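Please read each numbered point beside the structure.

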Amino acid sequence: MEQLLRVAVDGLSFASYLFLVSAGLTFIYGVMRILNVAHGSLYGLGAYMAAWLVLRLWPGGAPGALALPPVWSYGVLLLAALIIGLVVGPLLERVFIQRVVDRGEVIPLVLTFALFLMLEDIMKLIWGVNPLGADLPYAMLGAVSLAGVNYPVYPFLLTGVAVVAAAALWLIINRSRFGKLVIAVIADREVSRALGIDVPRIYTFAFTLGAVLAALGGAFSAPMISVVPGVSVEVIILAFAVTTIGGLGSIGGAAIGALLVGVLRAAAVHYVPELDLFVIYALMTAILLVKPRGLFGGVEVRRI
Amino acid sequence: MGVVLETVNVTRYFGAVKAADDLSVQLAEGQTVGIVGPNGSGKTTFVNLVTGYVKPARGAVRFRGRDITPLTPRQITRLGIARSFQIPQLYLRLSVLENMLLALAIREQQHWDLWRPLKLPARVEEARCLLAQFGFDTGVDQPCAALPEGGRKLLDVALSFALRPSVLLLDEPTSGVSVEDKFAVMDRLMSVVRQSAITAVFIEHDMEVVARYAERVLVFAEGRILADGGPAAVFANPAVRTHVLGEGV
Amino acid sequence: MTLEERSLAAPELAGRRLPRALGLLEASGAVRAAVAVLVVLALVAPLLPGWLLFLLTVAFAKGLVVLGVVLLLRGDLVSFGHGLFYAAGAYTVAFALRWGVPVRDAAPLVLLGTLVATVVAALVGLFIARYRGIFFGMLSTAFTMILYSLLLKLYWLTGGTDGLAARPAGILGLQPAADTLRLTQYYFVLVLTAAVTYGAYRLAASPLGYLMRAIYDNEVRVEYMGASVRQAIYRTYVISGALGGLGGALAAVAVGHVAPDLAYWTSSGEFVFVALFGGAGSVFAPLLGAVVFEFVRNYAFKLSPYTWQLLLGSVLVLVILFAPGGLWSLLERLAQRARGGKRS
């Protein structure tokens with residue numbers, strides 16, 4: 001029982017940050033039909049920005065020169081995500097991605113891969129290669145005892161952020177004017193254009209929204225992890241697995257996929273640790289072979 | 001003359017539209033048949049059905065007595081039924097010659113050759129010969145994308161013809177071709193076809209073209225055959241005159 | 001239409017039997033230049049320093065993998081999982097040496113590695129040949145990550161992150177001394193690369209080679225001519241996998257070591273990178289791309305370890321936006337101009 005609870009809690013925490021990254025990835029794909037490899041970089045940038053800001057403002061865990069109350073560190077995490085998402089997102093989209101939007105699916109993918117490579121080095125140049133451990137927000141929340149075992153509280157906050165983000169995303173898509181336009185563009189790009197919808201602007205908005213989500217995932221993960229250059233590389237391949245399992249273009253699918261992957265991995269870590277990575281990619285392969293549209297029926301799969 | 005290709009009580013829906021309504025058509029060996037009818041009457045569906053591109057909800061398609069209904073387009077092509085398309089289906093980035101060479105290599109089932117080149121002298125010669133029959137002499141090394149619409153149509157037909165089919169179905173071979181060129185294209189097409197005694201079926205909107213080249217005319221309307229006979233008889237038919245030629249409406 | 005693939009039947013060239021038989025008669029200027037460069041590289045080798053020989057050896061080996069990627073690229077299929085074959089070939093060599101297989105010579109081991117990768121491709125191909133576009137890419141990535149996860153975690157078998165040594169006892173019966181080892185490996189790889197590239201050259205001119213290009217343009221027409229698109233893709237995929245395994249086995253021998261990273265998605269990404277960087281217009285383009293890539297990476301890394309990805313990433317962006325035919329297309333344009341535009 002205690003094992004199961006541990007698996008559930010671990011799985012949930014893993015799923016939460018994966019959802020944030022995958023939701024953005026799948027949303028961008030749904031709108032633009034582009035699989036954005038640089039999404040991993042947006043996560044990494046969010047993590048680095050958050051960690052760096054927290055460490056500057058609260059060096060060594062104590063209020064620094066500005067003497068800001070530590071509880072503001074959570075706001076700083078959000079701020080870091082917004083800075084990255086709202087600045088880097090539109091920048092990437094307008095300067096690079098827009099130029100290849102009409103060149104099929106593969107060219108944009110490789111372009112985003114090139115951007116990913118560039119951003120990897122940019123992160124190293126800005127923040128160096130030493131790990132950044134900004135654990136103040138994590139440490140502040142302490143631990144809670146469930147069924148006699150101590151669990152850190154912070155991952156639950158991460159889950160909360162994921163839930164709020166999911167709700168916000170749902171509201172934006174289903175209740176806002178922008179959301180209605182996005183749905184139109186997803187349904188039919190050409191007709192939308194013919195109807196006078198400014199499709200490029202929708203693309204920029206959608207990409208930025210996705211970028212903010214990825215950066216959120218990174219920023220709120222930062223207190224839990226050691227922020228090092230490898231984080232972007234790892235997260236993007238996991239996000240691919242999650243979006244494939246859930247169905248490309250489906251945000252609900254990203255949620256289910258994230259939960260599945262999270263719990264599966266947590267279970268593997270506890271019972272068969274050598275297979276903790278294997279199960280994820282085996283599931284991804286199985287879904288692609290058996291139900292290629294994913295569990296939640298994403299976009300139509302190109303195959304004969 | 002034997003029946004080479006027939007549909008037996010074939011029915012096919014697209015949503016609520018009956019594109020083929022209990023259709024039974026028999027094509028005799030060596031006939032030249034024109035298919036006419038208003039848009040949406042099921043002409044292209046008929047071609048799609050007999051070439052395996054769509055499957056009937058009911059009924060069967062038979063080739064020389066053999067049931068070919070479950071076969072794929074590829075298998076049906078291998079049996080000897082070839083078609084050309086309303087919108088020419090070519091390998092646009094390859095040259096005219098290369099398109100034809102591929103058709104020939106595939107016809108001889110030599111397309112899995114890894115070592116011997118596509119451009120074997122004998123094959124190239126046959127390709128040039130065939131292309132010349134259809135009016136392509138110079139410029140066969142041009143990419144197909146550079147061909148005008150009429151040229152693309154002709155090449156599409158030439159490729160299907162090169163497969164040496166028993167039945168050749170042509171979907172609007174002169175549509176998109178300028179009025180001056182229509183008869184030139186059809187003349188060339190039909191002369192090649194007639195020399196080889198294959199069963200040729202062509203869908204056409206231009207009644208003059210049909211009258212001139214078809215021995216037999218099938219008039220389609222709403223998935224059914226409205227009239228079936230020689231061109232003169234069919235065009236004199238009052239129902240045909242109303243539905244298809246638009247007279248007295 | 002690529003310049004190298006011309007009719008072998010040009011009547012005015014009768015009397016030049018060997019070049020015609022080899023299919024090289026009407027090769028484009030760029031191809032002739034490439035062949036010449038290969039010959040030069042073979043002749044000057046004894047004069048080259050060890051590090052340069054090593055760099056070229058690894059570049060050729062990787063170039064073969066990239067060639068495999070390019071074969072599929074011609075059919076508009078991008079394999080983001082060639083690390084699977086690369087690692088399969090490499091680890092086969094390492095496993096064979098580790099588990100005391102009686103043969104310890106590099107040549108049969110490389111052959112074994114290639115065979116294993118071919119079998120893997122034959123199995124994976126059964127499934128993947130039905131997919132297109134990014135789903136083909138995703139499935140290929142999924143397979144390579146499965147191998148990665150096993151190589152990484154089953155450490156008692158695979159050596160985990162430490163990897164395994166891959167040091168054959170000799171090459172083709174030769175047991176070169178330490179100072180001539182690099183040179184021997186270099187020639188081994190160079191000759192194999194030349195032979196395989198020639199095979200790919202024939203393949204590109206063959207019906208299967210053209211079929212892949214036809215599939216890119218119009219799958220429906222291929223089926224309506226009576227050929228199976230799926231079969232064409234399957235066969236090309238198996239050949240492509242074999243090339244990946246060969247490259248991996250050769251690289252393992254040259255480097256002397258294998259690690260799970262060979263199967264990681266970034267390794268596959270690198271092959272795609274080089275494929276686009278070099279271009280898909282010729283079977284020599286991957287070699288060109290691989291050699292330039294290795295050089296640039298080597299020097300860029302020496303300059304600053306934190307900027308070589310930035311540099312290469314930027315180059316790829318520029319290639320995608322402004323020179324989609326890659327380096328090779330730029331070279332062809334140069335060769336055309338040099339010949340006064342006579343051959344085109």
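**Note on the predicted model**

1. In chain B, 4 strands form an open sheet in the order β2-β1-β4-β5, and the pairing is antiparallel. Two strands pair if DSSP finds at least two bridges between them. Helices (H or I, at least four residues) and strands (E, at least two) are DSSP runs, numbered from the N terminus. The edge strands of this sheet are β2 (17-28) and β5 of chain B, each of which pairs on one side only.

2. The model is a predicted one: local features need pLDDT of at least 70 and side-chain atom pairs count only at pLDDT 80 or more, whereas totals for chains, interfaces and linings use all residues. Residues are numbered from 1 along each chain as its sequence is written, and chains are lettered from A and ligands numbered from 1 in the order in which they are written.

3. The pairings within the antiparallel sheet may be followed strand by strand. β1(B) and β2(B) pair in the antiparallel sense over 8 bridges, and B:Thr7 stands opposite B:Val25 in β2(B). Strand β1 (residues 3-14) of chain B also pairs with strand β4 (residues 58-63) of chain B, in the antiparallel sense over 5 bridges. Here B:Glu6 has B:Arg62 in β4(B) as its bridge partner.

4. B:Arg62 also has a bridge partner in β5(B), namely B:Asp67. β4(B) and strand β5 (residues 66-67) of chain B pair in the antiparallel sense over 2 bridges. What lies between β4(B) and β5(B) in their hairpin? There are 2 residues between them, and B:Arg64 in the turn has a positive phi of about 50°.

5. A further open sheet in chain B consists of 6 strands in the order β6-β7-β8-β3-β9-β10, with mixed pairing. β6 (81-84) and β10 (224-229) of chain B stand at the edges with a single partner strand each, so one side of each is left without a neighbour in the sheet. Neighbouring strands of this sheet are turned by 20° against each other on average, direction ignored. Axes are lines fitted to C-alpha atoms, for helices over the stretch in contact, and angles run from 0 to 180 degrees between N-to-C directions. β6(B) pairs with strand β7 (residues 167-171) of chain B in the parallel sense over 4 bridges; B:Ser84 stands opposite B:Leu170 in β7(B).

6. Across which strands does α1(B) lie? α1(B) lies across β1, β2 and β4 of chain B, running at about 115° to β1(B). Helix α1 (residues 43-50) of chain B also lies across β3 (32-36), β6, β7, β8 (199-203) and β9 (216-221) of chain B, at about 145° to β7(B).

7. Chain B as a whole has 9 helices and 10 strands. Its radius of gyration is 18 Å, close to the 18 Å that the globule rule gives for 249 residues, so chain B is as compact as a globular protein of that length. The radius is taken over C-alpha atoms, and the rule is 2.2 Å times the number of residues to the power 0.38. Buried residues (20 or more other C-beta atoms within 10 Å of their own, with C-beta atoms placed from the backbone) make up 47% of the 249 residues in chain B.

8. Chain A has 12 helices and 2 strands. Its C-alpha atoms fill a box of roughly 55 × 45 × 35 Å along the principal axes. Of its 304 residues, 51% count as buried.

9. In chain C, the axes of helix α13 (residues 285-303) and helix α15 (residues 326-338) come within 8 Å and cross at roughly 110°. α13(C) and α15(C) are therefore roughly perpendicular to each other (65 to 115 degrees). The residues of this contact, in which C-beta atoms placed from the backbone lie within 7 Å, divide into 5 nonpolar, 2 polar and no charged. Ala, Val, Leu, Ile, Met, Phe, Trp, Tyr, Cys and Pro count as nonpolar, Asp, Glu, Lys and Arg as charged, and the others, Gly among them, as polar.

10. The contact between chains C and A takes 39 residues from each of them. On the side of chain C that touches chain A, α6(C) gives the most, with 15 residues. The residues of that side divide into 25 nonpolar, 10 polar and 4 charged.

How values were computed
A residue is buried if 20 or more other C-beta atoms lie within 10 Å of its own, exposed if 12 or fewer, and partly exposed in between; C-beta atoms are placed from the backbone. Two residues are in contact if their C-beta atoms, placed from the backbone, lie within 7 Å. Angles under 35 degrees count as roughly parallel, over 145 as roughly antiparallel, 65 to 115 as roughly perpendicular and the rest as oblique.
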